[in-house]
Amino acid sequence: MAHWADHMAEKIIRERGNKEEYVVESGITPSGYVHIGNFREVFTAYIIGHALRDRGKRVRHIHMWDDYDRFRKVPKNVPAEWGRHLTRPVREVPDPWGCHDSYAEHFMALFEGEVRRLGIEVDFLHAYELYKSGEYAEEVRLALERRDEIKAILDKYRERAKQPPLEEDWQPVMVYCPHCRKEARFISWDGEWKVVYSCPHCGAKGETDIREGNVKLRWRVDWPMRWAHFKVDFEPAGKDHLAAGGSYDTGREIVERVFGWKVPMTLMYEFVGIKGQKGKMSGSKGNVILLSDLYEVLEPGIIRFIYAKARPNKELKIDLGLGLLNLYDEFDKVERIYFGLEKAKNPEEEEELKRTYELSMPEVPKRLNAQAPFRFLVTLVQMPHLDEDGIINVLREQGHIPGELSEKDIERIRLRIRLAKNWVKKYAPDDVKFSLLERPPKVELEPGVREAMLEVANWLEKHGKFSVDEFNNALFVASKRRGIPSKNWFKVLYNIFIGKDRGPRLAPFLASLDRDFVVKRLRMEA
């Protein structure tokens with residue numbers, strides 16, 4: 001079964017013809033933090049481009065920063081006095097945090113750095129620079145010439161949606177005042193390059209040349225203009241844009257009738273959220289999870305895997321709680337299948353999983369790098385006596401990693417250790433967290449339980465080396481011999497070591513502790 005990205009790439013080649021270069025596009029207005037929901041658009045465009053490249057095609061992935069859009073509202077995390085900048089281009093609004101040249105650049109710089117860490121090659125373009133340099137001047141003038149036709153297209157869809165037509169003096173452009181840089185009123189166009197404006201904010205009146213970049217196309221005209229200007233073949237879009245009569249429908253007619261380019265192919269992508277979080281994420285509201293947050297607990301390949309395995313039209317809920325442990329297990333299994341160390345249910349599934357892995361990895365390794373089981377790391381990082389080297393030794397002793405490790409193996413294990421520490425600190429539920437009791441608790445123990453504990457202590461002293469399975473068997477035999485139910489037996493052991501009724505898998509947990517400490521504790525010695 002073909003991966004969805006391969007299916008779409010084949011369709012693009014079939015419908016757009018065999019071309020010298022295919023152009024895929026994504027785009028976002030940097031009006032707030034660019035979150036993991038926005039990233040789905042970028043990754044969907046990227047992975048389609050990846051699939052085209054794998055077919056020997058040359059691909060350009062444009063990401064358009066709509067940084068010439070108006071500053072429409074002051075987000076919650078921005079001082080209220082930023083209201084004085086409303087209707088200016090977001091690229092000209094000062095950075096409230098004082099670390100970048102503008103409000104827009106604050107968010108763009110962060111996101112571009114996050115994307116680079118995922119090994120995604122993107123040509124980041126800026127609407128601000130494209131307008132100000134005069135690159136769009138011809139298209140702006142063409143839109144003014146064809147104003148009536150564009151208005152008729154938009155009104156047709158408004159009528160279908162039972163909305164009133166656009167006002168008679170509607171124009172396909174807006175004007176930024178050359179003096180105060182806020183939105184001015186469009187008064188007239190001379191049929192050539194000059195637009196007359198009047199500013200309600202600073203009172204300035206005059207004319208501006210379209211080639212100076214103060215005249216900008218409105219969104220429903222700007223988007224199709226861009227498709228034609230950059231000869232875009234594919235661009236994913238959210239369901240709001242792809243709804244009947246939405247900006248994709250109107251854009252299709254405008255790009256073909258006014259700008260002379262075939263509408264790009266598209267894929268609808270659904271929302272991305274965090275399991276347990278209510279409502280849609282919004283960069284301007286501030287209730288967002290960023291790629292930077294995912295980097296704290298996930299390897300880059302696993303972040304890409306989340307998006308690569310899910311069809312874009314399915315809502316994506318990322319579980320940063322216990323589900324994250326399952327995600328690591330799933331990814332590690334797929335990685336083992338890719339390297340032929342495990343089999344999938346059937347050949348079709350195996351083919352799709354292998355392809356998903358290829359598309360997930362920033363760089364596919366030549367061999368399987370050591371997989372430190374994340375679920376066990378969550379236990380080990382909570383052991384006060386284990387540093388990173390100590391954790392690696394435990395993993396090696398218990399057979400989770402090879403005896404001989406390459407630099408890349410060690411680098412990956414150390415990364416996972418840091419990620420596990422972060423997860424325990426930020427997202428782990430309380431029943432996963434524990435701390436070792438420094439002294440044995442004062443508890444009443446039944447004679448049989450006390451005997452079983454002493455038997456296990458003696459067993460540990462007699463066995464210099466043992467496997468986790470052998471130790472697990474010793475625990476089981478000691479309780480079974482005395483008729484102690486496993487549930488009761490484990491509850492006692494957890495309580496004397498961590499003061500809780502439940503905890504991590506017992507045998508690997510106790511085997512990773514200092515042996516003398518375990519023996520003393522089983523004998524209830526201080």
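Which residue of β7 is the bridge partner of Ser198? In this predicted model, local features require pLDDT of at least 70 and side-chain atom pairs count only at pLDDT 80 or more, whereas totals for chains, interfaces and linings use all residues. Residues are numbered from 1 along each chain as its sequence is written, and side-chain values use heavy atoms, with hydrogens and water left out.

The partner of Ser198 is Lys205. Strands β6 (residues 194-198) and β7 pair in the antiparallel sense over five bridges; strands are DSSP runs of E of at least two residues and helices runs of H or I of at least four, numbered from the N terminus, and pairing requires at least two DSSP bridges between two strands. An open, antiparallel sheet is formed by five strands in the order β7-β6-β5-β4-β8. Its edges are β7 (205-209) and β8 (215-217), each of which pairs on one side only. Neighbouring strands are turned against each other by 45° on average, direction ignored. Helix α5 (residues 137-145) packs on this sheet, touching β4 (173-176), β5 (183-189), β6 and β8 (contact: heavy atoms within 4.5 Å). The direction of α5 makes about 65° with that of β5; angles run from 0 to 180 degrees between N-to-C directions, and axes are lines fitted to C-alpha atoms, for helices over the stretch in contact.

The axes of α17 (residues 447-462) and α18 (residues 468-480) come within 9 Å and cross at roughly 150°. The two helices are therefore roughly antiparallel (an angle over 145 degrees). Their contact includes Trp459 of α17 and Phe471 of α18.

Key:
Angles under 35 degrees count as roughly parallel, over 145 as roughly antiparallel, 65 to 115 as roughly perpendicular and the rest as oblique.
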